[in-house]
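This report goes through one protein model for a reader new to structures. It starts with confidence and layout and then turns to single residues.

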Amino acid sequence: SRISIARVDYSHDPIQALATKTGPFHATFGYLSSNLDSLCSFTQMRTLLLLRGHSWSHIDHVPYGFFMKLKLLQALDLSGTKVSELPSSIGHAKCLRYLDLSQTLIKRLPETIDCLLELQTLKLMNCPRLIA
């Protein structure tokens, strides 16, 4: 199957830009005006990268249903956001191979992270609130 790449920057409405995508795709955002809830309908998304150097301060949580709906997600970069916890539903992201939580307010990882048998990279650099 063919996989497309969507790079959405400041000049585009990300939800509108992704609405035309069919089949598997990778998305890189330079700007996202809403929280992650708005992306839950894109069940074919394989990669979600939020570009560093942009303001992601408004993203402060991952909705419980996010991982249940995006079951095919392979790479997720939430670095630089204000996310302080991940929902236990992350265990449903069976395809997740890469997770970057660097420079977040994450306090602990849910036990269900053990269900991610494909996870190869977990980045937790500069997470001052992380409890070991």
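## Confidence and layout

This is a predicted model, with a mean pLDDT of 82 for the protein and 74% of its residues at 70 or more. Confidence is lowest in strand β1 (residues 4-8), where the mean is 49, and highest in strand β6 (residues 121-123), where it is 98. Over residues 6-11 the pLDDT stays under 50, and the model has 18 contacts for these residues beyond four places in sequence.

The secondary structure consists of two helices and six strands. Along the sequence they come in the pattern β-α-β-β-α-β-β-β.

The protein has 132 residues, of which 39% count as buried. It exposes about 7,100 Å², and carbon and sulfur atoms supply 51% of that area. Among contacts between residues at least 6 apart in sequence, 36% join residues at least 24 apart.

## A residue in strand β4

Ala75 belongs to strand β4 (residues 75-77). Is Ala75 buried or exposed? Ala75 has a relative accessible area of 12%, and because this is under 20%, Ala75 is buried.

Beyond its neighbours within four places in sequence, Ala75 is in contact with Arg46, Thr47, Leu48, Leu96 and Tyr98. One of these, Arg46, is 29 residues from Ala75 in sequence, while the C-alpha atoms of the two are 6.7 Å apart in space.

## Cysteines and positive phi angles

How many disulfides does a search of the whole structure find? The search finds zero. A disulfide is a covalent bond between the sulfur atoms of two cysteines.

Most residues other than glycine have a negative phi. Gln103 is not a glycine, yet it has a positive phi of about 55°. Gln103 lies in the loop between β5 (98-100) and β6. Asn126, also not a glycine, has a positive phi of about 55°, and its place is in the segment after β6.

The table lists the relative accessible area of the residues named above.

| Residue | Relative accessible area | Class |
|---|---|---|
| Ala75 | 12% | buried |
| Gln103 | 42% | partly exposed |
| Asn126 | 57% | exposed |

Asn126 counts as exposed because its 57% is over 50%.

Definitions and conventions. Residues are numbered from 1 along each chain as its sequence is written. This is a predicted model: local features need pLDDT of at least 70, side-chain atom pairs count only at pLDDT 80 or more; totals for chains, interfaces and linings use all residues. Side-chain values use heavy atoms; hydrogens and water are left out. A disulfide is a pair of cysteine sulfur atoms within 2.5 Å. Helices (H or I, at least four residues) and strands (E, at least two) are DSSP runs, numbered from the N terminus. Buried means under 20% relative accessible area, exposed over 50%, partly exposed in between (1.4 Å probe, protein chains only). Contact means heavy atoms within 4.5 Å. Accessible areas come from the Shrake-Rupley method with a 1.4 Å probe; for residues, only the protein chains shown count as cover. pLDDT is the predictor's confidence in each residue, from 0 to 100.
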